[in-house]
Amino acid sequence: MVVVLVTVFSCRQTGTHYADGLEGCSRSSILAVRQSFAELFRFLLRSLSGQEEGTNVSRESEQLKFHTLVLNALALDYRMFDYALFSNSDFHAVLHKLSTHDVALRQEPSLSSSSSRSSTAHPASEAVAASKLRAHKKRVVRVARDLFLLSAARCLAWTPTPLALRNNHLGEDEAQQILDLQDAVLRTIFFTELGSHRREEEAASEARRSTDLDDDYHHSLLALLYQLKRTATMQRFFSSSESIHNVLSLLKLGSPRVQRLVTRLCRHVVHH
């Protein structure tokens, strides 16, 4: 595992891609390298999906540290043919799961049953451990959200022109997978992240308990949507009344800067 992470980190830190230097190689060689990376990618995703909550506080903290390490390693400069891999994996589903730690965002962490029995003897140390656990959870949430934004930005900006297909060694099936991924990413943004039914049902309490972490994420998502507002995929989703309804819900729950971005998006939809 250490060797795997060091290999991925080396690409991330040098700003390179695992397919760099293969321009003169045959297509079969390039596909073999891509297949090897796909196996590594899925292995790292599996390491993120086995999260255990409610266990020993120290063990859960170490697990969250490891998840942060893997997420940072996966923040690579992906190319379009990598996004076909995303559509065949649970990449965005895993990111979404890691980015929705309600305990980290809105509640004080509860101690495990084993540690709470000793809390009367060491209340100060238990409080410190719980505080660190909450900080680790927040860090995982932030890194997972940043990685989602990073991958979504490039994915949504892509248009399947003949030149783009040829330069990225993409076939028609892979191009369709990326288009399907674009739709899935936008469904996640519009129907899950922005203005979900849970927020509407709990508007009053959500407004009181909203966090800076939520506000930063909503602002970043809206900024991404506004930046890509003229793309064909975005225009298709802007034509949906449900997506507009979800965005408008942030006028009631969002901060002033979120409300300003919502207003600009709505103005664009009305005039186009």
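Predicted model: local features only at pLDDT ≥ 70, side-chain atom pairs only at ≥ 80, totals over all residues.
A residue counts as partly exposed when its relative accessible area falls between the limits for buried, under 20%, and exposed, over 50%.

Begin with the whole chain. The protein comprises 17 helices and zero strands, and 46% of its 272 residues count as buried. Of the contacts between residues at least 6 apart in sequence, 81% join residues at least 24 apart. The structure contains eight salt bridges, and the next stops visit some of them.

Select Glu62 and Lys65. Both belong to helix α3 (residues 57–73), where three residues, about one turn of the helix, separate them.

Next, select Arg154 and Asp77, whose closest N and O atoms lie 3.1 Å apart in a salt bridge. Arg154 sits in helix α8 (residues 123–157) and Asp77 in the loop between α3 and α4 (80–87), so this pair ties together parts 77 residues apart in sequence.

Proceed to Asp216 and Arg257, a salt bridge with its closest N and O atoms 2.3 Å apart. Here helix α13 (residues 212–227), holding Asp216, is linked to helix α17 (residues 256–271), holding Arg257; the two residues are 41 apart.

Finally, select Thr192 in helix α10 (residues 172–193). The C-alpha atoms of Thr192 and His96 are 9.3 Å apart in space, although the residues are 96 apart in sequence.

Note on methods:
Residues numbered from 1 in each chain as written. Heavy atoms only, no water. Helix = DSSP H or I, 4+ residues; strand = E, 2+ residues; numbered from the N terminus. Buried < 20%, exposed > 50% of the residue type's maximum accessible area, 1.4 Å probe, protein only. Contact = heavy atoms within 4.5 Å. Salt bridge = Lys/Arg side-chain N within 4 Å of Asp/Glu carboxyl O.
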